[in-house]
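Me: Could you walk me through this structure while I have it open? I'd like to go piece by piece.

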Amino acid sequence: MLENNKTPVLELNQVSIVYETSNGDVQAVNKVSFAIYENEIMALVGESGSGKSTIAYAVMRLLRGSAYLTEGTVKILGRDIYEMNKKDLRTFRWSQVSMVFQSAMSALNPVMNVEQQIVDTILSHEKITRKEASMRAASLLDLVSIDRKHLRSYPHELSGGMRQRVVIAIAIALKPQLVIMDEPTTALDVVVQRSILDQIQEIQRKQHFSILFISHDFSLVQELASRIAIMYAGRIVEETTTASLEVLDGHHPYTQGLLRAIPKLTADEIVIEGIPGSPPNLITLPTGCAFHPRCPVALETCKSVKPLTLEHNGALIECHLFDREEENAKWQKEIR
Ligand SMILES: Nc1ncnc2c1ncn2[C@@H]1O[C@H](COP(=O)(O)OP(=O)(O)OP(=O)(O)O)[C@@H](O)[C@H]1O
């Protein structure tokens, strides 16, 4: 992870997670380290199946099914959440760290109105009166731009965008320091998506919490986050600033592939360059660098030797090319 002298709100150190299956262990997360600091939005990006959601659930200590942490530590505000007892964890979850899940419909209770759901969340953690909690519920709706009349609405009476705004209101109801957002707008149309993202930024600026924003959409997170970690096959292959993504040069070949895959509008057509091939089977990972079978510039050594993570112009990159200045310079020139 990139060093910084601020206090991390979230810190993952060498975290590995497997899903046990009848076909073998799925290595969904493989020695992942990164940190998020106060008042910061960091994005985790990668193709489907790269391990992003597994990390999100691990940070909530809500790993699903047969998944378990095989090594590493997850610290929130300096406390290892895997060392906490159930009572501490219950207090900690939602009041220090909360999560906005992909589907608002499954996150909301269909038989409770909006007010009851927000009030219940507040009262399960804070010793305040129901009236005070109701007042906070109303101001939370103001914050996410939903008319207060919808306090009495049930989820099925709201549009998809409004439901997702309610979920965001619940996630910030207890003023957590960290909110994890796992593809919070994927199910919504582009216009609603844009307005919710603007709103997330506005609320974050007002309330100063940190966000771990998970997405497979590079162009979307570029506008939202200040730092970005790019995942491939359970590893973070690059951690960098979003500003650095303005140019292709100097990034991991996978990052470059993702950047090229952002649709571009030329004079009369939309050009999309995909990354050839598909992500590997996480039970039998390729030897060496897991990206080598799809990498357009793989070297012989990439097939057998795992690359180290190196610092390069303020970014962390896990790629053999960045260890070989000459070859890298030649390649960067060729792809321009
Ligand atoms: N319950 C499960 N049992 C076995 N393997 C699983 C299970 N859930 C996820 N996996 C595997 O773990 C890997 C990481 O999955 P994860 O959902 O974390 O990826 P992701 O990057 O969030 O993908 P998506 O964007 O599609 O949600 C995938 O290869 C997936 O097949």
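Me: Which residues is L178 in contact with, leaving aside its neighbours within four places in sequence?
Reply: L178 is in contact with V9, L10, I36, I76, Q96, V97, F209, S210 and L212, where contact requires C-beta atoms, placed from the backbone, within 7 Å. This is a predicted model, in which local features need pLDDT of at least 70, side-chain atom pairs count only at pLDDT 80 or more, and totals for chains, interfaces and linings use all residues. Residues are numbered from 1 along each chain as its sequence is written.

Me: And how many residues has the largest nonpolar core?
Reply: The largest nonpolar core has 83 residues, and those with the most contacts inside it include L178, A169 and I230. Such a core is a set of buried Ala, Val, Leu, Ile, Met, Phe, Trp, Tyr and Cys residues joined through C-beta atoms within 7 Å, and buried means that 20 or more other C-beta atoms lie within 10 Å of a residue's own. Helix α6 (residues 160-172) gives the most to this core, with eight residues; helices here are DSSP runs of H or I with at least four residues, strands are runs of E with at least two, and both are numbered from the N terminus.

Me: Switching to strands: what does β1 pair with?
Reply: Strand β1 (residues 8-21) runs antiparallel to strand β2 (residues 24-37), joined by ten bridges, and the two form a hairpin with two residues between them. β1 is also joined to strand β4 (residues 67-76), again antiparallel, by eight bridges; pairing requires that DSSP finds at least two bridges between the strands.

Me: Now the ligand, what surrounds it?
Reply: The ligand is surrounded by 16 residues, the closest being Y19, A28, S48, S53 and T54, with a residue counted if its C-beta atom, placed from the backbone, lies within 6 Å. Two or more residues of this shell come from each of β1, β2 and α1 (52-59), and α1 provides the largest share, three residues.

Me: Last one: is L282 buried or exposed?
Reply: L282 is buried, because 21 other C-beta atoms lie within 10 Å. L282 sits in the loop between β12 (270-271) and β13 (309-312), and, not counting residues up to four places away in sequence, L282 touches V26, Q27, A28, A233 and G234.

Key: A residue is buried if 20 or more other C-beta atoms lie within 10 Å of its own, exposed if 12 or fewer, and partly exposed in between; C-beta atoms are placed from the backbone. Two residues are in contact if their C-beta atoms, placed from the backbone, lie within 7 Å.
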